[in-house]
Amino acid sequence: QPLPHQIDAVYGRLLPMQPLRFLLADDPGAGKTIMSGLYIRELILRGDLDRCLIISPGSLVEQWQDELFDKFGLSFDILSRDMVEAARTGNPFAERNKLIVRLDQLSRNEDLQAKLEATDWDLIIFDEAHKLSAHLYGEVVNETLRYKLAKVARDHARNLLLLTATPHNGNNDDFNLFLALLDPDRFEGKLRNAKIPDVSDIMRRLVKENLLTFEGKRLFPPREAV
């Protein structure tokens, strides 16, 4: 049964935004996988989603597959080397409508990225999205391979959802570069110790103290500084 903050995220924030460009940055334990599954399921029921790609760290792909099937009845395949080699068209991204891919498997393989660029998706989700980092060194922006992948994926996704519990690493320049994945026109170029902009329209962050049951009870005990 979804919790209040999960229902609010999906029905109050994600579904009304068309097309979606959003950063869900709630604390660990909020159930970002659950919110993603609920969002996917609702889009399917509304006839608004046929093709969905989830890009996740390799250690989490099986967890994604299991949770989406067990809790929502959603069957996702995990991209493997055998799947790539067995693809009848040569492009597994074109042959599979619901696919989970390991982040570094894709970010380090230009051939796979070229195949991705030949396809379009109703929704692409990046888990642990803080790994999609770019950094400013003097006048030069250094984009990691993961960041470059995210830019490619963004351009082939009607809806884009980023998930992370740690959206800000303490550097405002890096944060603005991160936000540029969602809205390049708005955030690219805001460098050199730029202030953090108002991002309430494209980002939600709830800490554990904000997570409540329907009865108003805290889901997690209060944190105490030692």
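In this predicted model, the largest nonpolar core holds 39 residues, and the members that touch the most others are Leu53, Phe93, Leu116, Ile124, Phe126 and Leu162. Helix 8 makes the largest contribution to this core, with 5 residues. In soluble globular proteins, nonpolar side chains tend to be buried together.

Apart from neighbours within four places in sequence, leucine 162 is in contact with Phe22, Leu23 and Leu24, with Phe126, Ala129 and Leu132, and with Phe178 and Leu182. Along the chain, leucine 132 and leucine 162 are 30 residues apart, and their C-alpha atoms are 9.7 Å apart in space.

Seven strands, in the order 3-4-2-5-8-1-9, form an open sheet with parallel pairing. Its edges are strand 3 (77–78) and strand 9 (203–204), each of which pairs on one side only. Helix 8 (residues 145–154) packs on this sheet and touches strand 1 (21–24), strand 2, strand 5 (121–126) and strand 8 (157–163). The direction of helix 8 makes about 160° with that of strand 5.

Within the sheet, strand 2 (residues 52–56) is paired with strand 4 (residues 98–102) through 5 bridges in the parallel sense. In this pairing, serine 56 is opposite arginine 102 of strand 4. Elsewhere, strand 1 is joined to strand 8 by 4 bridges, again in the parallel sense, and arginine 21 is opposite leucine 160 of strand 8. Strand 1 also runs parallel to strand 9, to which 2 bridges join it; here leucine 24 is opposite arginine 204.

In a regular strand the side chains alternate between the two faces of the sheet. Which residues of strand 1 lie on each side? Arg21 and Leu23 lie on one side, Phe22 and Leu24 lie on the other, and all four are buried, so that both faces of strand 1 are covered. Strand 6 (residues 134–137) presents another arrangement: Ala134 and Leu136 make up a covered face, whereas His135 and Tyr137 make up an uncovered one.

Strand 6 also takes part in a hairpin with strand 7, with 2 residues between the two strands. Glycine 138, in the turn, has a positive phi of about 65°. Strand 6 and strand 7 (residues 140–143) pair over 4 bridges in the antiparallel sense, and the bridge partner of leucine 136 in strand 7 is valine 141.

Several loop residues also deserve attention. In the loop between strand 5 and strand 6 lies glutamate 128, a residue other than glycine whose phi is positive, near 50°. Glutamate 128 counts as partly exposed because its relative accessibility is 27%. Arginine 88 is located in the loop between helix 4 (81–86) and helix 5 (92–95). With a relative accessibility of 76%, arginine 88 counts as exposed, the cut-off for this class being over 50%.

Proline 19 belongs to the loop between helix 1 (4–14) and strand 1. The peptide bond leading from glutamine 18 to proline 19 is cis, with omega near -5°. Proline 19 and arginine 88 are 69 residues apart along the chain, and 32 Å separates their C-alpha atoms.

Finally, the aromatic rings may be examined. How many aromatic pairs does the structure hold? The number is 0. One ring does, however, have a charged group over it: the charged end of arginine 51 sits over the ring of tryptophan 121, at 3.8 Å from the centre of that ring.

How values were computed:
Residues are numbered from 1 along each chain as its sequence is written. This is a predicted model: local features need pLDDT of at least 70, side-chain atom pairs count only at pLDDT 80 or more; totals for chains, interfaces and linings use all residues. Side-chain values use heavy atoms; hydrogens and water are left out. Two strands pair if DSSP finds at least two bridges between them. Contact means heavy atoms within 4.5 Å. Axes are lines fitted to C-alpha atoms, for helices over the stretch in contact, and angles run from 0 to 180 degrees between N-to-C directions. Rings of Phe, Tyr and Trp (its six-membered ring) pair if their centres lie within 6.5 Å; planes under 30 degrees apart count as stacked, over 60 as edge-to-face and the rest as tilted. A charge sits over a ring if NZ of Lys or CZ of Arg is within 6 Å of the ring centre and within 35 degrees of the ring normal. Buried means under 20% relative accessible area, exposed over 50%, partly exposed in between (1.4 Å probe, protein chains only). A nonpolar core is a set of buried Ala, Val, Leu, Ile, Met, Phe, Trp, Tyr and Cys residues joined through side-chain atoms within 4.5 Å.
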